[in-house]
Structure formats: C-alpha cells, structure tokens
Amino acid sequence: MGKKVLVIGEQREGTLRNVTFEAIAAAKTISGDGEVVGVLCGSEDLSSLGQEMVAYGADRVITVSNEALKQYTSEGFGQAIMAVIQDENPEGILMGHTAIGKDLTPKLASKLETGLISDATVVEETGGNFVFTRPIYSGKAFEKKIITDGVIFATIRPNNIPALDKDESRTGEVTAKDVDVKDIRTIIQDVIRKTSEGVDLSEAKIIVAGGRGVKSSEGFEPLEELANVLGGAVGASRGACDAGYCDYSLQIGQTGKVVTPDLYIAVGISGAIQHLAGMSNSKVIVAINKDPEANIFNVADYGIVGDLFDVVPKLIEEMKQI
Ligand code: FAD
C-alpha cells in the first residue's frame with residue numbers, strides 16, 4: 001500500500017539545495033503508489049521553488065511564507081513544519097542531513113515521539129521493510145536500520161542518492177498555508193558567511209582539499225585555481241586550519257564537514273582517520289603527497305607521489321587544455 005511521505009525542502013537565498021531533490025527521490029522509494037508532499041518555509045513567495053520540487057518528482061508542495069521565517073530558527077521552522085505535519089499526518093518524513101536538517105529533525109522527532117534515522121546514504125525496500133544504510137564509527141562501517149513502528153523519519157546525506165531528472169512537464173499543486181508563527185525567542189540579526197564565494201563545499205561535485213603540506217595560506221592559491229578550473233570547491237584538513245592557512249569553515253572530517261563528491265583531490269594531506277571520516281565515501285579519490293607511505297594512499301583510487309608545488313601547477317595547465 002502506498003504511503004504519504006513529506007519532504008522538508010531547503011533553500012538558500014532563493015535556490016533549492018540539491019539534497020532536497022535527492023530526498024524526493026528517496027521518498028519515492030518509500031511512497032510507492034502513495035504521494036510525496038514537499039514542504040518549504042521562507043519569508044517570500046515560494047511558489048516557483050515549489051514548482052521546482054514538483055519538477056523533481058514531488059506530487060504536491062505546501063509552502064509556508066511568513067516574515068518570521070526569513071532566517072532559519074528551529075523554533076520558527078519547527079512551528080511551521082509541525083503545523084503541516086499535523087494537517088497531513090504523513091507516514092514518512094525525509095530531510096537533507098545538512099546543518100539545518102541536523103538541528104531541526106531531532107526537535108520534530110521528539111515532538112512527534114518517534115525515532116529518527118540520521119545520515120542515511122541508501123534507502124531501499126527489502127521484503128516490505130524500508131532499509132536505511134548509514135555510516136558508523138567515523139565511516140569505517142555501515143549499519144542497516146529499519147523502522148518497525150511509527151513515522152518513518154530520516155535525514156539523507158547529500159550527494160549519495162541520485163535525484164530524479166528534472167521534468168518540467170510533471171504537474172502538482174503548490175499551495176500556500178498560513179501558520180501563526182509566534183513566541184520566537186531567537187532573533188538572528190545578521191548572517192556573515194565565512195565560506196568563499198562559489199560552489200558550496202557540502203554539495204560540491206569536485207573538491208580540492210589542502211593539508212598542512214600546503215605550508216601557508218599563499219600555498220592554498222594554486223589549489224583555489226585548480227578548483228576554479230575544475231568547477232569545484234576548496235576544502236582543508238584540520239591540520240591546515242589549525243596552522244591558520246585557511247578558515248575552519250573549510251575543514252573536512254570527523255569534526256568538520258562530511259562530503260561525498262564525485263572527485264576528491266587530497267593535496268598534502270596525510271590521511272588521518274579523523275580526516276578520512278569526512279571524505280572516504282567520495283566516489284573517486286586522488287592523493288598528491290610526497291611521502292609514498294602516507295595513509296591517504298590507502299583510500300586513494302589514484303595516487304601521485306611528488307611535491308605538490310610541482311604537481312598542482314602541472315595539473316592546472318593540463319586541465320586548462322581540456
Ligand atoms: P599532516 O598529518 O601533518 O600531513 C601533512 C602531509 O603533507 C604529510 O603526509 C606530508 O607527507 C605531506 N606533505 C608535506 N609537504 C608536501 C609537499 N611539498 N608535497 C606533497 N606532500 C607534502 N583532522 C581533519 O582533517 N579533520 C577533522 O575533522 C579532524 N577532527 C579531529 C578530531 C579529533 C578529536 C582529533 C584528535 C583530531 C582531529 N583531526 C582532524 C586531526 C587529525 O588527527 C590530523 O592531525 C590532521 O588531519 C592532519 O592534517 P594534515 O593531514 O593536513 O597534516
């Protein structure tokens with residue numbers, strides 16, 4: 001029997017995050033011949049973003065627009081989404097495992113008195129059960145979880161579940177719902193972004209990451225150039241961040257961002273377990289390191305043993321020819 005699955009969409013400055021579309025694809029696996037209902041919060045008219053969710057497979061979308069939802073707060077978004085959940089009574093709820101998803105979903109789960117599977121990388125149906133695969137022990141192993149009772153509630157790790165192709169001919173209603181969002185005690189006055197302009201690290205398809213081997217903030221400039229040529233983003237190890245070569249917002253790993261790009265180029269990074277926890281699920285890993293014994297080569301698909309200051313400029317020149 002089909003199920004109704006709610007997908008909590010996420011937008012940033014008027015652009016939907018890709019993980020929203022990936023969550024819709026995952027929701028399709030669960031809904032069967034039921035329906036996938038998108039929900040979006042913000043302060044502006046969200047109808048065109050709602051239509052975009054439909055084009056990616058949502059059967060219909062509910063938008064909640066309210067001045068109090070201009071910036072994300074768990075109180076404001078929590079009230080708005082709970083109101084939609086109470087109206088819709090879904091059997092499943094999915095959201096991206098993003099900073100907002102990690103903050104909001106436990107709050108919703110506790111209000112609903114239900115469990116939550118976080119950071120799923122695969123969702124599949126086996127023998128009538130919906131099986132969620134998620135990494136454990138800093139990505140060294142995977143566990144499979146099923147929900148036997150209550151709402152099927154999970155967050156989806158970005159860049160793992162392929163989104164459906166966008167199809168503008170898909171049709172679905174986008175309806176606006178009024179929610180009286182009130183008593184918000186958190187007021188966000190300003191958001192100052194520390195990440196560099198361009199591709200968002202957690203959704204980037206290509207990442208060029210630098211480690212302590214890069215030796216200085218100037219040493220990161222060729223990595224930025226390589227990332228630009230490839231249309232990717234720059235990341236870093238904690239070693240590089242601790243040394244002050246770059247901002248902590250670029251840190252990848254156990255205590256930084258978890259990324260799953262198609263291509264991860266690790267430059268002057270030794271491959272400590274805490275770094276691998278954030279990137280070892282990347283689809284193709286290329287390591288550049290002058291030490292042939294460096295641990296990063298154990299997870300790399302391709303390794304270049306050499307001085308990064310020779311190798312990176314050559315790569316940039318080669319890539320510019322393509
Ligand atoms: P190093 O280990 O110093 O490696 C530098 C590498 O550069 C070496 O392999 C060297 O051979 C190579 N190199 C040097 N010069 C060149 C050159 N000219 N050309 C080519 N290669 C060169 N780390 C993270 O990254 N992310 C985390 O989230 C994180 N969380 C942590 C949490 C905890 C609780 C702890 C204890 C540690 C954590 N760490 C984390 C730190 C981690 O243990 C390592 O210390 C860190 O990843 C090392 O960074 P690195 O590889 O850049 O530096």
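The count of aromatic pairs comes to 2. The model is a predicted one. The table lists both pairs by ring geometry.

| Pair | Centre to centre | Angle between planes | Class |
|---|---|---|---|
| Phe21 and Tyr56 | 3.7 Å | 15° | stacked |
| Tyr72 and Phe77 | 5.1 Å | 70° | edge-to-face |

**The stacked pair.** Phe21 and Tyr56 stack. This pair links distant parts of the chain, with its members 35 residues apart. Phe21 sits in helix α1 (residues 18–31). Tyr56 lies in the loop between α2 (47–55) and β5 (60–65). Phe21 counts as buried because its relative accessibility is 4%. Tyr56 is also buried, at a relative accessible area of 16%; the cut-off for buried is under 20%.

**The edge-to-face pair.** The planes of Tyr72 and Phe77 stand at 70°, so this pair is edge-to-face. Planes over 60 degrees apart fall in that class. Tyr72 and Phe77 are both buried.

**Helix α5.** This helix covers residues 220–230. Its buried residues are Phe220, Leu223, Leu226, Ala227 and Leu230. Seen down the axis of α5, they fall within an arc of 115°, so they line one face of the helix.

Conventions. Residues are numbered from 1 along each chain as its sequence is written. This is a predicted model: local features need pLDDT of at least 70, side-chain atom pairs count only at pLDDT 80 or more; totals for chains, interfaces and linings use all residues. Side-chain values use heavy atoms; hydrogens and water are left out. Buried means under 20% relative accessible area, exposed over 50%, partly exposed in between (1.4 Å probe, protein chains only). Helices (H or I, at least four residues) and strands (E, at least two) are DSSP runs, numbered from the N terminus. The arc is that of the directions from the helix axis to the C-beta atoms. Rings of Phe, Tyr and Trp (its six-membered ring) pair if their centres lie within 6.5 Å; planes under 30 degrees apart count as stacked, over 60 as edge-to-face and the rest as tilted.
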